[in-house]
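Colleague: I'm new to this one. Could you show it to me and walk me through it?

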Amino acid sequence: MSLITVMQQIASGFGATLLIFFCTLLFSMPLGVIVALGRMSKFKPLSLVIQGIISVLRGTPLMLQLIVVFYGPYYAFGIKLSTNWRLYATLIGFSINYAAYFAEIFRAGIQSIPVGQTEAATVLGYTKVQTFLKIIFPQMIKRTIPPVTNEVITLVKDTSLSFVLAYQEMFTYAKQVSAAMSSLMPLFVAGVFYYIFNLVVTIVMDRIEKALSYYN
Amino acid sequence: MSLFEIKNVSKSFGDLKVLNDITVSVDKGEVVAIIGPSGSGKSTLLRCATMLETMDSGELIYHGEKAAANDAEGKAVYASNAELRKIKSYFGLVFQQFNLFPHYDVLKNLCDAPIHVQKRNKTEVVKEAMALIAKMGLEGKEHYYPQQLSGGQQQRVAIARALCMNPDILFFDEPTSALDPELTGEILKVIRQLAQEHMTMVIVTHEMAFARDVADRVIFMDGGYIVEEGRPEDVITNPTEERTKRFLARFAENG
Ligand SMILES: Nc1ncnc2c1ncn2[C@@H]1O[C@H](COP(=O)(O)OP(=O)(O)O)[C@@H](O)[C@H]1O
Ligand SMILES: [Mg+2]
């Protein structure tokens, strides 16, 4: 098999990798904000439950979580797993896991904003929702760009974990081709793909950071 | 009827009683200065008045409208959110640390709340904000971000932001304490001008000469109590209470 064919085969899984990547960001970031707010709730039981869930999600392997999400409905309820479930389980597993990480980042970001910001907004008559959306949230985004960038870079690499559910993304293809050829070359090619993907991610995050640097 | 009244406020943080049965009322056009050693409860009193802190017991009244009153057990109970929202529009607060919104430029710091909280007409608000910016000596700075301004300029923006809400009474919590000494003058000048325009103000300050000049009435607080209250020439120049004398003497020594 020529290098070109190998690249074509691996690239055919790249769309699936992108799908996991973007869907995970799309679901986990808003979910992370909500979870962070729940985690900071003055209602202690809620805050404690969320703290416990976050702790488990961050303290156990993502691969294990993916398997649990995938087989859970079958073992728990005897539900027959459909073919689409591979993708859905992958997206659910990734989104929940990353939401836990983002929640902790967002919580730290919100708590790092001086309390005077909320107090000034309160005296000016902003509602709690207005204060969060107009004053706290934009400042939180700016403050959390560096740790969020780290997570996004990790996510690019973590998408390869979907192979445990045999979801056909780039890494799954690379492994199959590698096995068929008895060669490591396809894995190196996949490595280059991930690396370039992350270069692009870094550039994009850098742009966002620059765009937000109009204030300190 | 007084514009602002806070009656028999008590407030504790844990076991620490910070305000002991304090009563203050302010008439329209009056300028009241609050002085006292650090930790005496001055900020807590302003924070109770502006509802950043809830009173344990006491009454809070603006224009005769009760924001809070005691229940049968003597515990402060606050009015409904809708009523509190209305009452909040009667006052403004200028913080020691300015607390400007760093992601908004000067103009937006001034205009955002009038437009989105008070739902006023945008064109009018911008016009009024530009006039306030000029009045504060900040012409041409409307599109600067707070970080690009000196501390004194930031505090003038904060005063303008409070004024842009058209409050009936303005509270200041040590408005010059975070500033380098050479910058305090510009803030005091602005407050003095507001006093001449008969803006109702309550000012917590360590600037004794300024308090004597500008205030109609001075309140000396210590240990969560009002120790002495009266005309500035009495309280600052000829205090009767021993504690007031000691406080002022310490001040005179330190310059
Ligand atoms: N949020 C708080 N929690 C606990 N103690 C507080 C809090 N705020 C103020 N205090 C205490 O209350 C006392 C009065 O504080 P404050 O009102 O800030 O005094 P001042 O403004 O006169 O310096 C101080 O002993 C201070 O430590
Ligand atoms: Mg204070």
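Predicted model: local features only at pLDDT ≥ 70, side-chain atom pairs only at ≥ 80, totals over all residues.

Colleague: Which residue of S4(B) is the bridge partner of B:Phe4?

Modeller: The two strands count as paired because DSSP finds at least two bridges between them. In S4(B), the partner of B:Phe4 is B:Tyr62.

Colleague: And what is the order of the strands in the open sheet?

Modeller: S1(B) also pairs with S2(B), antiparallel, over seven bridges. At the edges are S2 (16-26) and S6 (76-78) of chain B, each pairing on one side only. The five strands of this antiparallel sheet in chain B come in the order S2-S1-S4-S5-S6.

Colleague: Which residue in the turn between S1(B) and S2(B) has a positive phi?

Modeller: These strands form a hairpin, with two residues between them. The phi in question is about 60 degrees, and the residue is B:Gly14.

Colleague: At what angle does H1 of chain B run to S1(B)?

Modeller: H1 covers residues 42-49 and lies across S1 (4-13), S2 and S4 (57-62) of chain B. Axes are lines fitted to C-alpha atoms, for helices over the stretch in contact (heavy atoms within 4.5 Å). Angles go from 0 to 180 degrees between N-to-C directions. For H1 and S1(B), that comes to about 120 degrees.

Colleague: Which element gives the most to the shell around ligand 1?

Modeller: A residue is near the ligand if one of its heavy atoms lies within 4 Å of it. Ligand 1 is surrounded by residues including B:Phe13, B:Lys42, B:Ser43 and B:Thr44. With three residues, the top contributor is H1(B).

Colleague: How far is the polar side-chain atom of B:Ser43 from an oxygen atom of ligand 1?

Modeller: Backbone atoms come in here too: a backbone N or O of B:Gly39 is 2.6 Å from a ligand 1 oxygen, and for a polar backbone atom of B:Gly41 it's 3.0 Å. For the side-chain atom of B:Ser43, the distance is 2.7 Å.

Terms used. Residues numbered from 1 in each chain as written. Chains lettered and ligands numbered in written order. Heavy atoms only, no water. Helix = DSSP H or I, 4+ residues; strand = E, 2+ residues; numbered from the N terminus. Polar contact = N/O pair within 3.5 Å; in protein donor to acceptor, adjacent residues only side chain to side chain.
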